[in-house]
Amino acid sequence: MLIKRKSIEQAESSRRPARKPKFAPVTLSEQDGVRFLHFGTEWVQGAMRIRKPDWPELEYAQQMMAWMLFIEDPHTIVQLGLGAATLTKFSYRQFPRAQVTAVELNPSVIAICNSMFKLPPEDERLRVLEMDAMDFVLDDANHDTIDALQCDLYDATARGPVLDTPEFYQACNACLTERGVMTVNLFGDHPSFAKNIKAMRFAFAHVICLPEVHEGNVVALCFRTKPDLDKDRLAARAAQIVAATKLPAKSWVKGIAAAGAN
């Protein structure tokens, strides 16, 4: 089974006339106690272990939480591309003092997350916005407000992120607080990878890529300001994360060290 996460966003430039986007069909499958989200293909859009609905089942999704090494007490967490609501649910449960927002263009994805992936109902801490991710990051009201921005924007054809320009990543950077971190799901073995990394390095002060997982997925960490990469501090923070969440944070530290050595 291919475990390469693709979200259903079909982003349009803000300069283009508004039109109703077309979406691939939302489909489900189950295997060995895990429910998978698809969009009419074999590509896995997200996954949930039915007996552990709030746990990030896929390794790339766990890596998308690597911003936790640098931010212990996020005030605002935003997910661009809801998928199976994995990161939104985990962030909502794990950080009870944080405001959590998911931005999703396809109303069918929002509906299936509510009905089949145990997305909690919206409340004073959780909101799900049906809108284009580009419109969200361009909105001045969102600038300088987000501590952790998680971006997973793919269409059903798996041809790379649908938003991948320097302008998009600059807008994402503008949304971050000074301590803010953005994590992005990329394909390391796809031509889109180099384009995205170039755009990220143009827009952000520092970019780190974690080791490839699932035979293709690469999670990039993008920082508004240069991060503290002291190995002892990272190791201590990773131990805290493992104890509190059981996420494999020690492997993230090794990945960061390996990236620095390359």
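Q: Is Asp152 buried or exposed, and why?
A: The model is predicted. The cut-off for buried is under 20% relative accessible area. Asp152 has 1% relative accessibility, so Asp152 counts as buried.

Q: Where does Asp152 sit, and which side chains does its side chain contact?
A: Asp152 is in the loop between strand 7 (146-151) and helix 5 (166-175). Its side chain makes a polar contact with the side chain of Tyr60, at 2.7 Å. Another polar contact, at 3.0 Å, goes to the side chain of Asn185.

Q: How many residues has the largest nonpolar core, and which have the most contacts inside it?
A: A nonpolar core joins buried residues through side-chain atoms within 4.5 Å. Here the largest has 40 residues. Met65, Trp67, Met68, Leu69, Phe70, Leu247 and Trp252 have the most contacts inside it. Helix 8 gives the most to this core, with four residues.

Q: What is Leu247 in contact with, leaving aside neighbours within four places in sequence?
A: Its partners include Trp55, Pro56, Met65, Met68, Phe90 and Trp252. A second, separate core has 31 residues, among them Leu163, Ile197, Ala199 and Phe204.

Q: What volume has the second largest pocket, and which residues lie nearest its centre?
A: The volume is about 210 Å³. Of 13 lining residues, Ile208, Leu229, Ile256, Ala259 and Gly260 lie nearest the centre.

Q: Which helix gives the most to that lining, and how do the lining residues divide?
A: Helix 8 gives the most, with five residues. The lining divides into nine nonpolar, two polar and two charged residues.

Note on methods:
Residues are numbered from 1 along each chain as its sequence is written. This is a predicted model: local features need pLDDT of at least 70, side-chain atom pairs count only at pLDDT 80 or more; totals for chains, interfaces and linings use all residues. Side-chain values use heavy atoms; hydrogens and water are left out. On a 1 Å grid over the protein atoms alone, a cavity is a set of points where a 1.4 Å probe fits but cannot get out, and a pocket is an open set with protein on both sides within 12 Å along at least five of seven lines; lining residues have an atom within 4 Å of a point. Grid points are joined across faces, edges and corners, and a volume is the space filled by probe spheres set on the points. Helices (H or I, at least four residues) and strands (E, at least two) are DSSP runs, numbered from the N terminus. Ala, Val, Leu, Ile, Met, Phe, Trp, Tyr, Cys and Pro count as nonpolar, Asp, Glu, Lys and Arg as charged, and the others, Gly among them, as polar. Buried means under 20% relative accessible area, exposed over 50%, partly exposed in between (1.4 Å probe, protein chains only). A polar contact is a pair of N or O atoms within 3.5 Å; within protein, one must be able to donate a hydrogen and the other to accept it, and residues adjacent in sequence count only if both atoms are side-chain atoms. Contact means heavy atoms within 4.5 Å.
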